[in-house]
Structures are given as structure tokens and as C-alpha cells.
Amino acid sequence: MDRREEIGFQLHRLSRLTKRRVDRETHAQGEDQISGIQGWIIGYLYENQGKDVFQRDLQAHFSVRRSTVTGLLQLMEKKGLITRSSVAQDARLKKIQLTPRAIQHHERIVASIQSVENRISQGLTPQERKTFLSLCEKIAQNLEGEQ
């Protein structure tokens, strides 16, 4: 069988093409290089604005060790993406907040992803889109069933 006829090959190909397109869109906007996990942390903090978020919350949410999160947060603070400040009830705890720069970054990334999503969907009928998503769900269930 030709590799191009394999579902796994096509999924991998689409994933790479999508990532390249998003990267191209964000770099065209002059975005700084931010690692994937830093982007995920920014997204988590963005979605939880108005709530007190601490290092232990990030450790639990992303299932990473304390030392890993410590290093990430130090680098993000150095890059001007977050601030850490003490809270009144426990000086040992440091509340993590996004800087305006990180908020702008997140909003530009979301806009880039939406632009790529629009491009991906271009020319698809609503039924084709629904069928594709249904097939993806079946494939995911097949893969999850092996665990």
C-alpha cells in the first residue's frame, strides 16, 4: 500500500502542515519565540484571569515536576511574560499573573489559529466538516481503546 493511502501518514502530514502555517502566521506578526509549554501556560493563565493561580496549580494541571515549573516561570518572568507576587494570607505563595505583553501575545496567537482554522475549512461543506470531525473522533476512540 502506498504510504499516502495510510490514515496515520495523512494525519501526521496534516498536523505538520497546520503547525507550519500557524508558525508562519505568528512569525509574520513579529511574535517572539515562545516554547510550546510556555504558550500552554500563557493560555492557562489567560483562561484563569481573575483567579489566584500558583505554581502548584500549574504543576497539577500540566502534570510536571516542581523543578520544571520553577525553571519555566523564571524564564517567563525574565522574558517579561509573567509577574509573581506574594499574597497576604501566605507570603510563601506567589500569585502568577500575565503581563500585558503576554496577553497581547496570546490574543495574537488565538487570532492566528482562527485564521488557519478558516483556511483549513475553506471549501468544505458543513456536511464534509461534520463527517471529518466524526471520523477524527472515531479514530481517537480507536487509539484510546488500546491504553
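**Exercise 1.** Determine whether Arg129 is buried, partly exposed or exposed, and identify its salt-bridge partner.

*Solution.* Step 1: Arg129 has a relative accessible area of 37%. Step 2: buried means under 20% relative accessible area, exposed over 50%, and partly exposed in between (1.4 Å probe, protein chains only). Step 3: Arg129 is therefore partly exposed. Step 4: its partner in a salt bridge is Glu117, with the closest N and O atoms 3.1 Å apart; a salt bridge is a side-chain nitrogen of Lys or Arg within 4 Å of a carboxyl oxygen of Asp or Glu. Step 5: Glu117, at 31% relative accessibility, is likewise partly exposed.

The model is predicted, so local features need pLDDT of at least 70 and side-chain atom pairs count only at pLDDT 80 or more, while totals for chains, interfaces and linings use all residues. Residues are numbered from 1 along each chain as its sequence is written, and side-chain values use heavy atoms, with hydrogens and water left out.

**Exercise 2.** Classify the exposure of both partners in the salt bridge between Arg84 and Glu77.

*Solution.* Step 1: the closest N and O atoms of this pair are 2.9 Å apart. Step 2: Arg84, with a relative accessible area of 26%, is partly exposed. Step 3: Glu77 is partly exposed at 34%.

**Exercise 3.** Classify the exposure of Arg4 and of Asp2.

*Solution.* Step 1: Arg4 and Asp2 form a salt bridge, their closest N and O atoms being 2.8 Å apart. Step 2: Arg4 is exposed, at 55% relative accessibility, whereas Asp2 is partly exposed, at 32%.
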